Amino acid sequence: MVELEGIIRRYDDLLALDDVSLSVGKASTVVLAGPSGCGKSTLLRVIAGLVQPDSGRVTVGGIELTPSTRTRIRDLLGYVIQDGGLFPHLTARDNVIIRARLLQWTADRTEARLLELSELTHFPVDALDRFPAQLSGGQRQRVGIMRALMTDPQVLLLDEPLGALDPIIRRDLQDDLKEIFSRLEKSVILVTHDLHEAEWFADRIILMRAGRIEQEGTAAELAEHPGSEFVSRFVRAQRTADFGSVLR
Amino acid sequence: MKRVAIILLLLLAAIVPRPTEQVSIRVASKKFTESVILGEMFRILAEDSGASVGHLRELGGTRIVFEALKSGEVDVYAEYTGTLINELFADRDIAGIEQLRTELEQLGLRMSDPLGFNNTYALGMLPDRAASDQIRTISDLNRVSGLRFGLGSEFMERSDGWPGLRSTYGLNPLQVNGLDHDIAYRQLQLGLIDVMDVYTTEARIDALNLTVLEDDRNYFPRYDAVILYRADFADQYAAAVRNILKLQGRIAAGEMTSCNRRVEIDSITEQQVAADFVEQTLGISSKVSDPGRLARITDSTLDHLELVRRSLLPAILFAIPLGILAAKSRWFGQFILGVTGIFQTIPSFALLVLLIPVVAKLGLQSIGAGASTAMIALFLYSLLPIVRNTQSGLTGIDNALQESASVLNLPARYRLLEIELPLASPSILAGIKTAAVLNIGFATLGALVGAGGYGQPILSGIRLNDTNLILEGAIPAALLALMTQAAFELIERYAVPKGVRLQSSSR
């Protein structure tokens, strides 16, 4: 569904992405993990067409990403960022339906989809008319996810979607998100710096370091067969008070 | 739709002028007492012929009045031969009165015979200061070092003023400041300056018992007061002109000084003093009407609002699109902020004078109520805060929101109107508020081109050293600024989207 080939992106002296290639199939969840500054967010933004690579090829749904196809490709994408990226002057409802409105959906169709999504994301219907500032952090994140899913895109890109939340809400949302991912059968690419979260969601974890893919595999593979000193240090550093994880 | 309606309404409000009284004859005066009194005399005499007459009082300078006379916006005013020869026609090297008449004729202007008094320039000092250094003549000034000169701004520049005086006498004072003439009087009294330029028929010379220094090298030319008027006006309103010309040779220096004294020292209105003189000298009586303070304030308020409304509204409609363009193109942004910034640095009076020929060339009204010069100057001053705040409001939008809008594929127009402008609205409104408050302050300068407003009583008050009159303009101007500030707080409630207000208050 999403193919990256030899992506290079340089910012002045810094090589943010150094020859990254990656393939994400239908109905699979890939997590980009790694320490901050490793290039994982930049990679996601390359797919979203927000960052132009210096060289390399991006293909989404068989279409190569170029300035002229960017709009078409974005129609295939749902994009969720930390704290939801909601427009503060629009209510939760208006944030969610903004694309549908532009596509001139009928009111009935819009409303039906809205209800479906609020059920899916466990977002209270009576809070739909509130503004983002009147919602909790977790609720804002759920609205962000609803907005990304509104027009049923094939690919879901999430950049640290749970980064700003406190642990309990984070836990709830992790459960809900995992269920959403498995029910909707979308290609999901999720960025996180938290290996536990990566383990929870991912079929496959891509561990990045300094603009390169250091190692990819399941959480167990990374823990048991670290390909480098960096991988084992990164895995060890994340062994905290967690229960039932292969990372321990 | 609602937005379009609001814009149309604003446009309409911006271009519809306040109906003003139509007059057939326009008298003008410069912003010193003698000129205003003479203007009032002309008005009374023209009215006596049955015409409807308006008096544009206290215009900001010789250039402004003379240009207005040339362009036909003014029909008649009192001028001085020395000013005509040495200032207005300085480049023509005029030898005598007859040549002056010919030059004027070519511009479609005529000049009367002298009114009877010579109001020349002189230098004045406080008597104690002059006596202690035994200064009697201008040459004596060279004997004393450390003197501080405070000279009228116009005198500083005029070819018959300071530059020539300095070289004729070889003067080399410690310090020379260009000041407003009325302010110079204050500074002299306070001992902040030692020497100032005076007009010889001024009442304050006597009132302060100033020592007028003898022009021992006969530098200053004669400044015989004359009536300057348009030839076409003389043809059209022959009776009015005949009446005004009755003043030729009828005002002696002592009489003029006494008229000036009655206004400046005895605080009698110019209108009353002029009426008394015309009645005594020419036997023509007139009714003196004082509309009272409240009516005056109402009038200045309406004039002031007119200036603000017709400059601020177009500025808003013009500056917001400019700010949007500035936000979208960095190069254009730098350019447009630079240009609007330059307007801010041009001194307001200079901008007004610079605009007069431009406005006249465009066939617009350059002086008087609703003068385009004042509107355009205020319009230009109002641009920068709005352009800058629109630009910074748009470029300051959280990058995460910009990117969300990008990935959501929002079309450019929709994105600008529905996302970016609402998010930038607090900043844009703050810019408009700044522009409005600045505009209200700057609009007091409209009085310099006869546009009225709160600047009028302030200008008169400074000239007459009348604090009450100054406050009559200053207090309403301050109140209006405060009310505008308050009104914008209300507008913010309405115009800034609720969600944005909630967000900023929860932070």
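How far apart do the C-alpha centres of domain 1 of chain A and domain 2 of chain A lie?

A: The model is a predicted one. In chain A, the C-alpha centres of domain 1 and domain 2 are 25 Å apart. Domain 1 of chain A is made of two stretches, 1-76 and 156-240, while domain 2 of chain A covers 87-152. Where these two domains touch, 9 residues of domain 1 of chain A are in contact with 7 residues of domain 2 of chain A.

α7(A) is built from 18 residues, and the distance from its first C-alpha to its last is 25 Å, close to the 26 Å expected at 1.5 Å a residue. Three of its residues, A:Leu173, A:Leu177 and A:Phe181, are buried. They lie on the same side of α7(A) because they cover an arc of only 75° around the axis. An α-helix has 3.6 residues a turn, so residues three or four places apart point the same way. The face of α7(A) turned away from the buried side carries A:Ile168, A:Asp175 and A:Arg183, which are exposed.

The largest one has 178 residues, and the members that touch the most others are A:Val31, A:Leu157, A:Ile189 and B:Met41. Helix α18 of chain B, residues 372-395, gives the most to this core, with 12 residues. Leaving aside residues up to four places away in sequence, B:Met41 touches B:Leu247, B:Ala274, B:Phe277 and B:Val278. There is also a second, separate core of 25 residues, which includes B:Met125, B:Leu141, B:Leu165 and B:Ile193.

Chains A and B also meet: 20 residues of chain B are in contact with 20 residues of chain A. On the chain B side, α19 (399-407), α20 (412-442) and α23 (498-506) each supply at least two residues. By class, this side of chain B has 12 nonpolar, 6 polar and 2 charged residues.

Chain B has its own domains: domain 1 (22-118 + 223-282), domain 2 (121-212) and domain 3 (293-506). The centres of domain 1 of chain B and domain 3 of chain B, taken over C-alpha atoms, are 37 Å apart. Between them, 16 residues of domain 1 of chain B are in contact with 19 residues of domain 3 of chain B. On the domain 1 side, the elements giving two or more residues are β2 (53-59), α3 (62-71) and α13 (253-264) of chain B. Of these, α3(B) has the largest share, 5 residues. This side of domain 1 of chain B has 6 nonpolar, 4 polar and 6 charged residues.

Conventions. Residues are numbered from 1 along each chain as its sequence is written. Chains are lettered from A and ligands numbered from 1 in the order in which they are written. This is a predicted model: local features need pLDDT of at least 70, side-chain atom pairs count only at pLDDT 80 or more; totals for chains, interfaces and linings use all residues. Domain bounds come from an automatic or database domain assignment. Helices (H or I, at least four residues) and strands (E, at least two) are DSSP runs, numbered from the N terminus. Ala, Val, Leu, Ile, Met, Phe, Trp, Tyr, Cys and Pro count as nonpolar, Asp, Glu, Lys and Arg as charged, and the others, Gly among them, as polar. A nonpolar core is a set of buried Ala, Val, Leu, Ile, Met, Phe, Trp, Tyr and Cys residues joined through C-beta atoms within 7 Å. A residue is buried if 20 or more other C-beta atoms lie within 10 Å of its own, exposed if 12 or fewer, and partly exposed in between; C-beta atoms are placed from the backbone. The expected span of a helix is 1.5 Å times one less than its number of residues. The arc is that of the directions from the helix axis to the C-beta atoms.
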